[in-house]
Number of protein chains: 2
Amino acid sequence: MKTIADIAKIAGVAKSTVSRYLNGGSVSEETKKKIELVIEETGYSPNAFAQSLKAKKTNIIGTIIPRLDSYATSRTLMGIDERLRELNYHMLVSNTDQDLTREIENIYTLAKQKVAGIILLATEVTDAHLKAFQEIDIPVLLVGQQHDNVYSLVHDDETAGYAIGKYIAQRGHKKIAFLGVSEYDVAVGLKRKKGFAQAVSEHAVDVEARFFETTFSMSDAAERAGQLFDEFSPSAVVCATDNLAIGAMKAAYQKKLHVPTDVSITGFGGYEVTAMMNPSLTTVHIHFTEAGHTAASHIAKLVKGEDVPKLTYSRFDLILRESVDIRTDHLL
Amino acid sequence: MKTIADIAKIAGVAKSTVSRYLNGGSVSEETKKKIELVIEETGYSPNAFAQSLKAKKTNIIGTIIPRLDSYATSRTLMGIDERLRELNYHMLVSNTDQDLTREIENIYTLAKQKVAGIILLATEVTDAHLKAFQEIDIPVLLVGQQHDNVYSLVHDDETAGYAIGKYIAQRGHKKIAFLGVSEYDVAVGLKRKKGFAQAVSEHAVDVEARFFETTFSMSDAAERAGQLFDEFSPSAVVCATDNLAIGAMKAAYQKKLHVPTDVSITGFGGYEVTAMMNPSLTTVHIHFTEAGHTAASHIAKLVKGEDVPKLTYSRFDLILRESVDIRTDHLL
DNA sequence: GCTGGTTAAGGAACCGGTTCCACAAAAGAA
DNA sequence: TTCTTTTGTGGAACCGGTTCCTTAACCAGC
């Protein structure tokens, strides 16, 4: 492997000149030609460490994720990776397995590795997080959660929750179950629920809405939904993620409830598989990949010292499919 | 941030001594104590670049994947990341979007970044791959595909294909469709099909097996399966991945074919969602996460110059669920 | 023709570690 | 006691870049 000194020697110049050539300093046309030729011939490419040693920074963006086995995460990562490649960065992935302690640890480890920036697919922002962000002195971008002190990219969960709540309410449902997750996850657990509740209160009268909680796991959701059908027998179940909705559909099937005639079910996310289900699932499609693109662009700008909006919203669409029915019972 | 020189000065020794202390050279008990204390107090941790500059190597393992939006990939990555963390390595992920050119490019780019080793979730091994492996002089581990010249970890697709073929054949099916993917993907496209075909020929008589091809996409699979039902009307459809099976189930539903009484369907992979479908899907569960663990352990050993088996098989289980029925038509 | 400003290029120091070498002191062998 | 051998330590070079400082050359203006 050739070094900058080799190139300099072959081209008959000093290594500082080669360095200047590479980094756009003032070099005469003549010398430029010479150096260019040598680099071409030798296939020289600078050693990233030596550069980083001096610059105290890499071209690596660290991405911290709570879990890898999630559609939302995968898609977001795809988007991030795609855009980062274009911008000449690399993506270092660190999975925390939903362990908050490990999340904090990872922030420091990545900082030690001198990544240029950190994208955090967060579920919660604690004081420990804020402390870490301050200490490391590296740009951080939050995705999926919002905090005033940090650059954030969120999926506008509240508005999306409102949209689906309104849709269900307008379809005449009067007994609606909301199957969600812990409010510790502000975006998924709190905001979606809040938007939904708001919509229902505004767009329907005489509605009984009940709120149930489970984990992110399909099978837990199926179990919880099973109980919920017995306890409450709703005409619609609004789920906080598509996985929960898949679980709920399973439960309905096991209880011999037909979807959508006996019970309507909606999801949240827009996972590919929701189109394939029987019946296909009405859901909110969140543009995760696009959000990933934006996240990558933003962190790159932050790294370069440019400014980006403190808070950005990603897009969503309501996807209307077969799993929701209109209820006219109350009109009889 | 403190440097080794600072530590040396504070402890009143030479930096070479501190370096020796850190790397296990000969240092007296007394000096050890002194240095230990200073490091403790200052929270010193060595600069990774300076180390890498000299060592010409990082503690980063590059992982090249064809796509991120796949259950198999996610799970494998989870396993890899989990084990790598334990072994004190980091995982750098590079997505190629199933573009072979980009795969080759990535190998060189990672090599330039001086990753310690490369794990390649391969779909195909071309001469360009082999050439790249040779040139970069970095340990490479292939996952999912096998090649004699490279360390490989494969999912024993042929045996698994055989297992499911045998199972279907023994259930009395006589018209069996195999819905697969291009043979360019040796593991998924070729081996699974081959194992299946072998089993059918050994365990059934008077069988008509037909082979159909589609892409990895659920919706393409649904479309292809729809045609296949018209052309061939099989009593069983064996699919090369769970996603294809999900598509096939959708198609069956659209054609008003009941699963499993009209047609049996099987998958391959063991994705979580297959348990949630109606009916639940009979499939082969491949232990992707476990395979990821093994892959990480192996690449770490290779990096350290230790030896591992040239070829390792990961485990699989047949998961019997509701989507397969017994056929007794031919006994009438 | 002399002074001053601009541009191109070389030399050396520096980033923060590791490692080789030399040397002194302590330990073991003769 | 004297002569190796071992052990611990410091100093310096090195890894491969970047950047600051100097100097030389060139051109313009007075």
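This is a predicted model: local features need pLDDT of at least 70, side-chain atom pairs count only at pLDDT 80 or more; totals for chains, interfaces and linings use all residues.
Residues are numbered from 1 along each chain as its sequence is written, chains are lettered from A in the order in which they are written, and side-chain values use heavy atoms, without hydrogens and water.

Contact (heavy atoms within 4.5 Å) involves 49 residues from chain A and 49 residues from chain B. The buried area, that is, the accessible area (1.4 Å probe) lost on putting the two parts together and summed over both, is about 4,600 Å², with 59% given by carbon and sulfur atoms. On the side of chain A, the greatest losses of area to chain B fall on Phe49(A), Met276(A) and Asn278(A), which together account for 16% of what that side buries.

Two salt bridges (a side-chain nitrogen of Lys or Arg within 4 Å of a carboxyl oxygen of Asp or Glu) were found across the interface. Asp69(A) and Arg75(B) are joined through their side chains by a salt bridge, at 3.1 Å from N to O.

Secondary structure was assigned from DSSP runs, with helices (H or I) of at least four residues and strands (E) of at least two, numbered from the N terminus. Helix α5(A) provides seven residues, the largest share of the side of chain A that touches chain B. Strand β2(A) runs antiparallel to β2 of chain B (residues 90-95), and three bridges join them; strands pair if DSSP finds at least two bridges between them. Within this pairing, Met91(A) has Val93(B) as its bridge partner.
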